[in-house]
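Here is a brief report on one protein model.

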Amino acid sequence: MPSDLRVLIVEDEMLLAMDIEALVEDCGHQVSAQVASLDEFEELPSELEPQLAFVDVHLAQGSSGLDVCRRTTARWPRCLVVFLTANVSKIPADYCGGHGVIAKPFSQSGMVTAIDFLADAISCPGVTKPRPAALTASPKFEQMLQVGQA
């Protein structure tokens, strides 16, 4: 299993953010930063260069994870953005350039399987593992997986 991905967590519920951080670290990866709002995201240094970002849709200060996603993919084009939300219907059809969604509440095992799958997709062209049930891939990401360019 590939290891040591740099992961960004954008979540305003502190306990949930801590749980996600623990799962990421248990999978052998590092959390580069954890923020709760668009304003905090904007303060992140460009050098951070996360490879994977887990982004809640509803953030602190009334900010939107959809905006964070757009800015993440513009700032770090190679970063995979996966939304975490209890309201999947709020994600537009184009995923705002994001790569997928994991519905809340999620199970620990479902999240670990998704993290492992995403790590493989980032590290290994032409990932051969089946996509985990917990992860709904965006059409763009599904196409990238099929041609081995994740």
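## Salt bridges

Five salt bridges turn up in a search of the whole structure. The model is a predicted one.

Take E11 and K104. Their side chains meet in a salt bridge, with N and O 2.9 Å apart. This pair links distant parts of the chain, 93 residues apart. E11 sits in the loop between β1 and α1, and K104 in the loop between β5 (100-103) and α4. Is E11 buried or exposed? E11 counts as buried because its relative accessibility is 3%, under the 20% cut-off. K104 also falls under that cut-off, at 15% relative accessibility, so K104 counts as buried too. The pair belongs to a network of salt bridges that links E11, D56 and K104.

R70 and D67 form another salt bridge, again with an N to O distance of 2.9 Å. Both residues are in helix α3, three residues apart, so about one helical turn separates them. R70 is partly exposed, at 42% relative accessibility. D67 is partly exposed as well, at 29%.

R131 forms a salt bridge with E142, and their closest N and O atoms are 3.1 Å apart. R131 is partly exposed, with a relative accessible area of 38%. E142 is partly exposed too, with 26%.

| Salt bridge | N to O distance |
|---|---|
| E11 and K104 | 2.9 Å |
| R70 and D67 | 2.9 Å |
| R131 and E142 | 3.1 Å |

## Nonpolar cores

The largest nonpolar core holds 29 residues. Which of them touch the most other members? They are I20, F54, I102, M111, L118 and F141. Several elements give two or more residues to this core: β1 (6-10), α1, β3 (52-56), β4 (80-85), α4 (108-123), β6 (135-137) and α5 (139-147). Helix α4 gives the most, with seven residues.

I102 shows how the parts of the chain come together. Leaving aside neighbours within four places in sequence, I102 is in contact with F54, V82, F83, L84, T85, M111, A114, A134 and L135.

Another core, of 23 residues, lies apart from the largest one. Its members include L8, A33, L38 and Y95.

## A buried serine in a loop

S37 is found in the loop between β2 (30-35) and α2 (38-42). S37 has a relative accessible area of 0%, so S37 is buried. A polar atom of the S37 side chain lies 3.2 Å from the backbone nitrogen of E40. Beyond its neighbours within four places in sequence, S37 is in contact with L59, A60, Q61 and S63.

## On the surface

M14, L15 and M18 make a nonpolar surface patch of about 350 Å². L15 is placed in helix α1 (residues 14-26). L15 counts as exposed because its relative accessibility is 65%, over the 50% cut-off.

R78 is placed in the loop between α3 (65-75) and β4. With a relative accessible area of 78%, R78 is exposed. What separates the C-alpha atoms of R78 and P50? The distance is 8.5 Å, although R78 and P50 are 28 residues apart along the chain.

Note on methods: Residues are numbered from 1 along each chain as its sequence is written. This is a predicted model: local features need pLDDT of at least 70, side-chain atom pairs count only at pLDDT 80 or more; totals for chains, interfaces and linings use all residues. Side-chain values use heavy atoms; hydrogens and water are left out. Patches are made of residues with over 30% relative accessible area and no salt bridge: like charges are joined within 9 Å, nonpolar side chains (Val, Leu, Ile, Met, Phe, Trp, Tyr) within 5 Å. Accessible areas come from the Shrake-Rupley method with a 1.4 Å probe; for residues, only the protein chains shown count as cover. A salt bridge is a side-chain nitrogen of Lys or Arg within 4 Å of a carboxyl oxygen of Asp or Glu. Helices (H or I, at least four residues) and strands (E, at least two) are DSSP runs, numbered from the N terminus. Buried means under 20% relative accessible area, exposed over 50%, partly exposed in between (1.4 Å probe, protein chains only). A nonpolar core is a set of buried Ala, Val, Leu, Ile, Met, Phe, Trp, Tyr and Cys residues joined through side-chain atoms within 4.5 Å. Contact means heavy atoms within 4.5 Å. A polar contact is a pair of N or O atoms within 3.5 Å; within protein, one must be able to donate a hydrogen and the other to accept it, and residues adjacent in sequence count only if both atoms are side-chain atoms.
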